Each structure stands twice: as structure tokens, then as C-alpha cells.
Amino acid sequence: MTDFTATDHAMMARALRLAERGAYTTKPNPMVGCVIARGEEVVGEGWHQRQGGPHAEVFALQAAGARAKGATAYVTLEPCAHTGRTGPCADALVAAGVSRVVAAMRDPFPQVDGAGFERLRDAGIDVASGLMEAQARALNVGFLSRIERGRPWVRVKLACSLDGRTAMANGDSKWITGEAARADVMRWRARAGAILTGAGTVLADDPSLTVRLGDDTPFVPPLRVVLDPGLATIARGKVREGDAPTLYLHAPDIKPPRELAAERAAVPVQGAVADLHAVLALLAQREIGELHVEAGATLAGALLKAGLVDELLLYVAPVVMGERARPLFDGLGFADMAQRLRMSIVDSRHVGGDLRLRLRPAQD
């Protein structure tokens, strides 16, 4: 096991912070940061800014210039070794004459997956990996989920009262949480590759599911996905307005009207319920990494019951809505305590007057 120094840790932490700057613009590519240093002196740094643009290493090497020779390059992901829209970063590091490369983790993407490290070592460069790997993996949960599991990372966003209610009995839910919480949700939407909702939510609430950041922060609009086996929502919907693309997922035997301008795809249906595993596989094929779900209790409950929820993003408002109000999840049908689903709190923070919890299924 490699012994990393305090300087190594400080430089990799800096590279991870740089990588985060691409959260809204690099999808479906991973976020990557790079720092080039001579000892404790940073001579160049960069991050992957957008899909199709130069990678982090290229920006860092351009900034370092001739001072890259003999320096150490710290990268949050294994340098690529293939030619896609850009050339191999491993070759660029070799050409620049760096003497050492420290990577947070290996890249599981099949066209890389160790080949970058091998090319660097073949050129006589000292290569070490595994420094702050947990943080690097957390940064790119969507990309890694798509590559390693063949499905997106599923994050379900919910807002509820103190008694776990999401809407009044008549469906009224505006607004449970405050303005700050709603603005926070926009940041999570912006980093997602797609936003998924169900037909019931479109019919009841007519959401637009767009990203509204309120500033000049650049972002790639996420794909809006409507899970609608019977295409009950095609006659209406703000979900088709604006610049963001929309995809309807419907049953194989449904014939959409010719005038439907939005994109569509068929997914297997069991009874009247879509096969959620097939839905996620289809979205992964479309290079969706992080899937942000904003739906009602039926779809949220179905995803949870199927074991497909990787993370809950739960906003809790300090209000009580009463026993007749609607619950967070439907369809779980637990009969005793042994069946309960345990969640772990990843973090909690106040957002305006509300509490935001991030939870993940507890590991046994």
C-alpha cells in the first residue's frame, strides 16, 4: 500500500474541489480535477468543464507549461488512454514529462480501466492510486453506477411535514417547504442527467420539471422522463415546454398519435405497472448517470419496494398536516417491524426554515 504524504492529501483535496465545478456541465462524462505540483507549489490546475471539451489534465498542463516536467500530477480519476472527442490524457502527461501521477481511483470505463496507468508506467512514470478514493467515488456516483451496475444512481426527492405527509387529502401540496428549499432542489435537478416523474404527477400537478437557478451558472438541461404506460398525459403538460428534452416511456402495445412531437420509447409492463428495472436499464443506455425522481407516493413507493432507491433527498417542513393527508410512500404494505426498511442519514442541514436529510439504505 502506498504511503501518501500530507502534501499528497492536500493536492488531491484541491483536485476534488476543482472537479466539483463541472457538476452541472460534464454529464454524461465524470467530473475530474487535476493539480500539477512541484513539491508544495502548484504550477498548474484544471477541471473537466464540459462534455466534448478538453479534459482536466489538458487544462492543468497548459497552465503549467514547461514547469510540468519533473512534476507530480494529481488527478481524481485515472487518465484516459483512448481517443474519443479528445486525445488520450495519459499521452499528454507523458509528453509533458511529469515524473509522478497520483490518481484517486481507477476508471472502470471499459476503454480505460487500467490502460491509462499502464501507459504511464510503460513510459517510466511513477504511478500511485487510491488516495481519497471514497471521496472521488462519491463525486461521481452517477457515472460509476451507470458503468458498474448498468443503471443510473436513483435519487428520490420528497418534501413532507413533520408527520410525514406530502399533500392534503385533496392533493394540495403548494407549498410544504419554503423558498430556500425549493431553490436547493434546483441545484440537484441541474446535476442530474434526467428527471423522472409519473403520469399521476403530471395529471395532478402539471410540473415543468425545468432547472431555474436564478443566476448565470451554466448547466446542461436534464432530460425530462414521464413514465406513462398508457400515454394518459400526452394531451397536456408543461413538461413539454421549454428547452429541456422530454421522453415518454409507455407500454409496448400503445400506439402514440402521430402529432406527438416528444420522443418516446416502449418499456415492458406487468399489468398496468412499468418494469422499473427495464426503465433504469434503458436510461443507462442513454448515458444517464444521476436520475432525479420527483413523483408521487405510488412511484416513489414502487422504487423503494423494488430496492432501486440509492438515495432519498427529503425536505422536512416544521408543519403538521394531519392523518388524512397523503403519505410519502404507497404500496409498501409492511405487516410487522421485521419488514421495515432501515435508512442511514448521510447528512442533514437546515435549508431556510426547513430540514434537508440525505438518506441511503442502511448496510447490514
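This is a predicted model: local features need pLDDT of at least 70, side-chain atom pairs count only at pLDDT 80 or more; totals for chains, interfaces and linings use all residues.

Q: Good to know. Where does H292 sit in the secondary structure?

A: H292 belongs to strand 14, which covers residues 290-293.

Q: And which residues is H292 in contact with, leaving aside its neighbours within four places in sequence?

A: H292 is in contact with R155, K157, V185, W188, R189, A192, A194, I195, L196 and L313, once neighbours within four places in sequence are set aside.

Q: Let's zoom out. How many helices and strands are in the chain?

A: The chain has 10 helices and 18 strands. Its radius of gyration is 23 Å, close to the 21 Å that the globule rule gives for 364 residues, so the chain is as compact as a globular protein of that length.

Q: What does the C-alpha trace span along its principal axes?

A: About 70 × 45 × 40 Å.

Q: What share of the residues is buried?

A: Buried residues account for 51% of the 364 residues in the chain. As for contacts between residues at least 6 apart in sequence, 68% of them join residues at least 24 apart.

Q: Which residues of helix 10 are the buried ones?

A: In helix 10, residues 297-305, they are A297, L299, A300, G301, L303 and L304. Just after helix 10 comes G307, with a positive phi of about 70°.

Q: Nice. Now helices 3 and 4: how do their axes cross?

A: The axes of helix 3 (residues 89-96) and helix 4 (residues 115-122) come within 9 Å and cross at roughly 20°. That angle is under 35 degrees, which makes helix 3 roughly parallel to helix 4.

Q: Is the crossing left-handed or right-handed?

A: Helix 3 passes helix 4 in a right-handed crossing. On the helix 3 side the contact is made by A90, D91, L93 and V94, and on the helix 4 side by G116, R119 and L120. These residues divide into 4 nonpolar, 1 polar and 2 charged.

Q: Switching to backbone geometry, which residues other than glycine have a positive phi?

A: D113 and D206 are among them. Phi of D113 is near 35°, and phi of D206 is near 50°. For context, most residues other than glycine have a negative phi, and most peptide bonds are trans.

Q: Where are those two placed?

A: D113 lies in the loop between strand 4 (100-103) and helix 4, while D206 is in the loop between helix 8 (199-205) and strand 9 (223-227). D113 is partly exposed, at 37% relative accessible area, and D206 is partly exposed as well, at 22%.

Q: And the peptide bond from K27 to P28, cis or trans?

A: The bond from K27 to P28 is cis, with omega near 5°. P28 is in the loop between helix 1 (6-20) and strand 1 (33-38).

Q: Could we look at Y74? Is that residue buried or exposed?

A: Y74 counts as buried, at 3% relative accessibility. Y74 is found in strand 3, residues 72-75.

Q: What does Y74 touch?

A: Not counting residues up to four places away in sequence, Y74 touches T7, D8, M11, M12, A15, G33, C34, V35, A37, R100 and V102. I195, by contrast, is 121 residues from Y74 in sequence and 33 Å away in space, C-alpha to C-alpha.

Q: Last one, K174: buried or exposed?

A: K174 is exposed, with a relative accessible area of 56%. K174 lies in the loop between strand 7 (165-167) and helix 7 (179-191).

Methods: Residues are numbered from 1 along each chain as its sequence is written. Side-chain values use heavy atoms; hydrogens and water are left out. Axes are lines fitted to C-alpha atoms, for helices over the stretch in contact, and angles run from 0 to 180 degrees between N-to-C directions. Helices (H or I, at least four residues) and strands (E, at least two) are DSSP runs, numbered from the N terminus. Angles under 35 degrees count as roughly parallel, over 145 as roughly antiparallel, 65 to 115 as roughly perpendicular and the rest as oblique. A crossing is left-handed if the near helix is turned anticlockwise from the far one by less than a right angle, and right-handed if clockwise. Contact means heavy atoms within 4.5 Å. Ala, Val, Leu, Ile, Met, Phe, Trp, Tyr, Cys and Pro count as nonpolar, Asp, Glu, Lys and Arg as charged, and the others, Gly among them, as polar. The radius of gyration is taken over C-alpha atoms; the globule rule is 2.2 Å times the number of residues to the power 0.38. Buried means under 20% relative accessible area, exposed over 50%, partly exposed in between (1.4 Å probe, protein chains only).
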